[in-house]
Amino acid sequence: SGVQLVQVLTQPAGEVAECLDSALGEVARIEAMLQDAQRVVRLTAESTAPVLLTEAARQAAETLQHGVPSGNNLVLDGPAGLQVIADPELLQTALHELLARAAHVTPAGGTVHLRWGEHGIDRAAMEIEDAGSCPPSGDTERALRAVVAAWPGSGLGLWLAERACTLLGGHLDWTRLDPQGCCFRITLPRG
């Protein structure tokens, strides 16, 4: 508020105005990080129910449409009747964070794929594939720390998605795609 007051009272220009704008940008980033950190801590599995993956994908795509850069495509693909037993809100949290990241890192004119299908006898998987850079895999803690700077928004989206998947009884992993891209996979129990 002090920076905003200085801006209103002095109406700075040039380098001073840029510094003040930069300070406000950092304050907004810190505020977003605190809000997302609270979301990570507050995530809980409220109730479980059968969730059709087709419906979960459609719902996640609808909430993301405003965030997809013009010229980019979001492709949904998977069997119509496949379902998991999960907390629908937690699943949406994970999908939203991963799709928002994919939309952010995929270059203009690119395609983001959201696929789902069976994964073994008693599991199902949802994959989000993009054309952006991929965080290092393997050491999860190191990867999560490394991705904060590159993730859109507060940088805590991968933590939110990973925590939601854990609470769903599932697992989140990712692999690097050639020549560039990343495939995030959510593996969930089918029931």
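**Entry 1: H3 and H4.** I looked up how H3 passes H4, and the crossing is right-handed (left-handed if the near helix is turned anticlockwise from the far one by less than a right angle, right-handed if clockwise). The model is predicted: local features need pLDDT of at least 70 and side-chain atom pairs count only at pLDDT 80 or more, while totals for chains, interfaces and linings use all residues. Residues are numbered from 1 along each chain as its sequence is written, and side-chain values use heavy atoms, with hydrogens and water left out.

Helix H3 covers residues 53-64 and helix H4 residues 88-105; I find an angle of about 50° between them and their axes 9 Å apart. Axes are lines fitted to C-alpha atoms, for helices over the stretch in contact, and angles run from 0 to 180 degrees between N-to-C directions. Helices (H or I, at least four residues) and strands (E, at least two) are DSSP runs, numbered from the N terminus. H3 and H4 are therefore oblique to each other (under 35 degrees is roughly parallel, over 145 roughly antiparallel, 65 to 115 roughly perpendicular, the rest oblique).

I noted the residues in contact (heavy atoms within 4.5 Å): those of H3 include Leu53, Ala56 and Leu64, and those of H4 include Leu91, His96 and Ala103. This contact has 10 nonpolar, four polar and no charged residues. Ala, Val, Leu, Ile, Met, Phe, Trp, Tyr, Cys and Pro count as nonpolar, Asp, Glu, Lys and Arg as charged, and the others, Gly among them, as polar.

**Entry 2: H4 and H6.** I next examined H4 against helix H6 (residues 157-167): the angle is about 150° and the axes lie 8 Å apart. H4 and H6 are therefore roughly antiparallel. H4 passes H6 in a left-handed crossing. Among the residues that meet are Leu90 and Glu97 in H4, and Gly157 and Cys165 in H6. By class, I recorded nine nonpolar, two polar and one charged residues in the contact of H4 with H6.

**Entry 3: a salt bridge.** Arg58 and Glu62 are separated by about one helical turn, because they are four residues apart in helix H3. My search of the whole structure gave seven salt bridges.

**Entry 4: a cis peptide bond.** Asp178 and Pro179 are joined by a cis peptide bond, with omega about 0°. I located Pro179 in the loop between strand S6 (171-176) and strand S7 (182-189).

Key
A salt bridge is a side-chain nitrogen of Lys or Arg within 4 Å of a carboxyl oxygen of Asp or Glu.
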